[in-house]
Amino acid sequence: MARDKEKRSCGQVLAEWRAFLWDPRTRQFLGRTGTSWGLILLFYLVFYGFLAGLFALTMWVMLQSVDPHVPKYQDRLLTPGLMIRPRAEGLDVTFNVSQSHTWLPYVQALHQFLEPYNDSLQAARNAPCVPGRYNEQPDDAVPNYPKRACRFNRSALGACSGLGHAGADWDYGYGSGRPCVLVKVNRVINFFPGRNKSINVICMAKVNYTQPVVAVRFSNASANVEHHIECRLQAEGLRTDDDRDKFAGRVAFRLRINRD
Amino acid sequence: MEALTKKKKKTVPTSANSFFLLQKSEVYSVEIYGTKELEKTEAGGGDEKYKDIKGKKKKKAEELKKELDLEDHKLSASELEGKYGTNINKGLSSARAAELLARDGLNSLTPPKATPEIVKFLKQMVGGFSILLWVGAVFSWISSGIQIAQGADSPFDNLYLGVVLALVVILTGIFAYYQEAKSTNIMASFSKMVPQQALVIRDGEKKELPAEQLVVGDIVEIKGGDRIPADIRLIAAQGCKVDNSSLTGESEPQPRSCEFTHDNPLETRNIAFYSTTCVEGTATGVVINTGDRTVIGRIASLASGVGNEKTPIAIEIEHFVYLVAGVAVSIGVLFFIISVSMRYKILDSIIFLIGIIVANVPEGLLATVTVSLSLTAKRMAKKNCLVKNLEAVETLGSTSIICSDKTGTLTQNRMTVAHLWFDNQIYSADTSEDQTTQPFDQSSPTWTALSKIVALCNRAEFRPGQEGIPIMKRVVVGDASETALLKFSEVLLGDVMSIRAQNKKVAEIPFNSTNKFQLSIHETDDANDKCYLLVMKGAPERILERCSTIMINGKEEPLDSEKAEAFQTAYMELGGMGERVLGFCHLYLPENEFPDTYSFDTDAMNFPTSNLCFVGLLSMIDPPRSTVPDAVSKCRSAGIKVIMVTGDHPITAKAIARSVGIISATSETVEDIAKRLNIPVERVNRREATAAVVNGMELKDMSLQELDEILCNHSEIVFARTSPQQKLIIVEGCQRQGAVVAVTGDGVNDSPALKKADIGIAMGIAGSDAAKNAADMVLLDDNFASIVTGVEEGRLIFDNLKKTIAYTLTKNIAELCPFLIYIIASIPLPIGTITILFIDLGTDIIPSVALAYEKAESDIMNRRPRNKQKDRLVNQQLAVYSYLQIGIMQSVGAFVTYFTVYAEQGFLPLTLLGVRVDWENSAINDFEDSYGQQWTKYQRTYLQWTGYTAFFVSITIQQVADLIIRKTRRNSIFQQGLFRNKVIWVGIFSQIGIALILTYGLGHVTALNFTPLRFQYWFVAVPFAVLIWVYDEVRKLLIRRYPGSWWDKNMYY
């Protein structure tokens, strides 16, 4: 009761706390003796050990039921996302032609990105495909490794491949004010767009899969003006108009080429 | 009355002192509702206030003392006329009265100052967890402000969260306020009374006016049955008697006349006090004080200064709030530091802090507690206990001492004939509430004679028009003894009124204190017998003095010393039982001396009043209610000490105490032992006596230590002849023993004790408004047995609140763990803040209220009252078991569901570790999962919401198991019965129903962060729910098997 509390002085309260912390009379630490602490710790050790085991067991059982190659549900990925390279901050590709330090990072990023697309690597890892057909590699009950995806040679990008030497297309056109932007489709396993018509993004294998990319070259974009560009996937049965997801099957970015 | 005078003079300073003591504690215990209050912490400020009150109190007491020195009783009528500018015959003029009314205000007591509604409301807004939530809301707004300034993508999320948190606080506040207001309103409607009328002479005319309109100087007329409308100096009176019990506690009517008999205004006969009742006679008087300036008004205003003690449940809830708030704040701060040292941004760390606070605070709990308490209050109201203050519901349960009034509470509050003595033999009469016949032998002709005297020598009459009503319930005009005799003879003889009509009264001398007898002379109903019958009743010894013969078996026999001895023995025996004894005698007046034309003159006494024939004795008592002995024994087995505190005579008090079991049959007082061993009282070993009867006179001279000793050493105590001030001292003494004290009372004078008590119980029927105002509870039927029902309900709700809190606290860990793991392991957030609120204020509410309907596990009336210091509502075991065992199990179950949902969508558990920064980066729209698939930001967010929903569903499913295990703390669920409490099932279905609606109904409203969930995920946590049930059954089994073991000590909450 309130009036009891008043009577206790500060020192008494302190002494009470000290006694609670360590009571030499009963040899109690925080209200428990050594044996009592030992027992309670042992109990919790066993208890949590059991819970941890149970957790591990249920997780293991759950993981057994999960296919290592294809996720169980893909309902969230009905429309693959679209992204551009170089991945500029806020999807805003802005640079000044005459100041190389404004666009050199883009060029380097593209070089890095296109590394796995080098023709030699593609030839070693992937197989050529027939255009206009899905490249399927069914397991037919026996897992066949390694799977081979369709070749996508860097050279196919032409002027945007960045394969030329300095002065040529080495800089993906950034130095000359005709920049390349690569548009890529997010990878989704077992995604069959367009029902074997029009554009085909066929991807079955895992290991050495390189995403197909589309290079867009802005040959005569007017300088010092901000351009708003939107790319969309166009395929039958593909919705690209989700209000909430601005990256489902489409990508919008800004491009500004400054010239002095 | 003598005692009271001394008391008054003496106790004014001491009572002022004790009031000031109370006041002191009031400064520190601001009245709260299950919440912690904002204390004025600065010692200096508190001290000042304390001094201030001290000063004010002293002044008030001085004032009371001073104003009690009324001089009006010493003045003559003409002096009075001069003083008040009035005329005894014509009264005041209307104009003058209006003037005075404007000056002095209405003649009514100012009701105790109520806390302004807005203050009450604001208290609800800042009390308890609200502060924590406000902090959370403010943090949310700050961080959203920063985010807006930084131009982040979704700055409004935190803004909304802040608004939601504020809304939660405001809504729960409004709810609590509404609940409280509702229970207060019950009282308000209850205390409203029919306005009183007064007969006033104004402008020379008699007028009926509302008593409120009276002013000083008004001439009022009062008659038997009226309530005195103001303090009045009488100027004319005829046989006027007043019942001053509302002022002094003594119910013996006191005569009032216009003579000045005593210096003390409280003692003198020519003043009648406001709110007392005129029992009989008529009187005219001048109003000398009105409203709060009346004596009663001053006592009442002093009582309103006595601070309320904090209720035990308020202390418990405060303790619980501190505990949870402590956990919340320390975990919050700890993880704030951890997250800052893990190089999280300060802004992020603040957002984590909000999440931790929200997860830790059981937002819905206080509302749940309020509902549970008001459900119990409703149940108690049905059993005639009206609870004014919700928390008082539980206080009754922890009560360890009941200081009970005698009159009306333990007894029926009406005199009833208990014993008869005639033919040298004592007969017992039936004293039960609904008697219709009397069992004793009525064949003796002496009885016929006696019954005739009883019926005729009686001035009491039934109010007309009550033929259909049982005799014992009929309203009678007359004093208590005469009423008892009237009803007694009505039961035995039938229509008393017609008997009286047949035996026409020709002369009468009413009872007065000098004669101590009442006499009347009647014609006989035998038409042939022309002689008159003289009947007389009165104090037995006075009656016997006037008798020379005694009737034995219908024959008059001379009254020799042997017969006188028999009379004495019977008289002593009946008196020793605490009964009021009356003697009855009669005489047939010889026809030759008193022919039917004889004119009797009561002043000249021209008839014989001696040498009468003694017929018998009748003794009366206010008998105990028939339900009380059982209730007292229930209290005893429940470890509650029942102390009787009464203004009555010790012998009467002791007799009633014995008959209801307050003093049990085997125990003795010091005096009893002395009498048995035939030794002086001083030589008795006081330790041997378990019972004690303490006289108010003794109490007055006792030191506090002596009183403590008595309260400590005797288990059965009766305080007799106590004044209201002493009642307060007794209550304080009990509280010094650490007891939770319940006090019953009805008079205005009881209100300080009622306020001081941990729970004041006022009588609904007999209680005065002041008592009802001061009390926490009102007994609608004035019955002690109802208190016992209340105790039972109070204990049950304490147990059930424990269960409710245990249930609610458990899931807080399951809400908290996600945040902690999110911070440490950087996984996508498993459950959102809004989702947590939907559990706390959605799915969990009805189940936790349902636990209030749970039946007791064992006989709760067979254990001792809880120890305030040791038996806490939320003890260490409860917190540890809920937080560290069941709570952790729930978390594990929920996490399994969470990982399952993510894994089946492509994110295997190991992939999730450490992804937080990229996961939440909205510029990354090709985030790779374990299969190399790439996710846009929105796709990830949607998956995160699905995770929230899965986590939410898992907690809900496991809370069903939690709800079931919380039904009992010791017994197996199967002993308690799974289906006995139907409301639990309502709770379970509501829980699942709300979850279904949120998931599938509102799954498309993105703001709520719910998504439709695949059906199988509802069952992932089911094994864990089963595990919780099984584990708890094992826990209870071990507790039952090994009482007192290590397991019992650590696992029983």
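Start with Phe462(B) and Arg474(B): the charged end of the arginine sits over the phenylalanine ring, 5.2 Å from the ring centre. Keep in mind that this is a predicted model.

Next, pick Arg1014(B) together with Tyr73(A). Here Arg1014(B) lies over the face of Tyr73(A), with 3.5 Å to the ring centre.

Now for the aromatics. Select Phe55(A), Phe895(B), Tyr898(B), Phe899(B), Tyr902(B), Phe907(B), Trp919(B), Phe927(B), Trp935(B) and Phe951(B), which form one aromatic cluster. Over all chains, the count comes to 53 aromatic pairs. Zoom in on Tyr898(B) and Phe899(B), an edge-to-face pair at 5.1 Å centre to centre with 65° between the planes. Tyr898(B) is buried at 0% relative accessible area, and Phe899(B) is buried too, at 9%. Then hop to Phe907(B) and Phe927(B): their planes are at 35° and their centres 6.1 Å apart, so this pair is tilted. Phe907(B) is in the loop between helices H30 and H31 of chain B and Phe927(B) is in strand E27, so the pair ties together parts 20 residues apart in sequence. Both Phe907(B) and Phe927(B) are buried.

On to the strands. In chain B, colour the open, mixed sheet of 8 strands, ordered E8-E26-E25-E24-E9-E21-E23-E22. E8 (385–387) and E22 (691–695) are at the edges with a single partner strand each, so one side of each has no neighbour in the sheet.

Last stop: E10(B) and E11(B), a hairpin with 2 residues between the strands, where Asp423(B) in the turn has a positive phi of about 50°. His419(B) stands opposite Ser428(B) there.

Definitions and conventions
Residues numbered from 1 in each chain as written. Chains lettered and ligands numbered in written order. Predicted model: local features only at pLDDT ≥ 70, side-chain atom pairs only at ≥ 80, totals over all residues. Heavy atoms only, no water. Pairing = 2+ DSSP bridges. Helix = DSSP H or I, 4+ residues; strand = E, 2+ residues; numbered from the N terminus. Phe/Tyr/Trp six-rings, centres within 6.5 Å; stacked < 30°, edge-to-face > 60°. Buried < 20%, exposed > 50% of the residue type's maximum accessible area, 1.4 Å probe, protein only. Lys NZ or Arg CZ within 6 Å of the ring centre and 35° of its normal.
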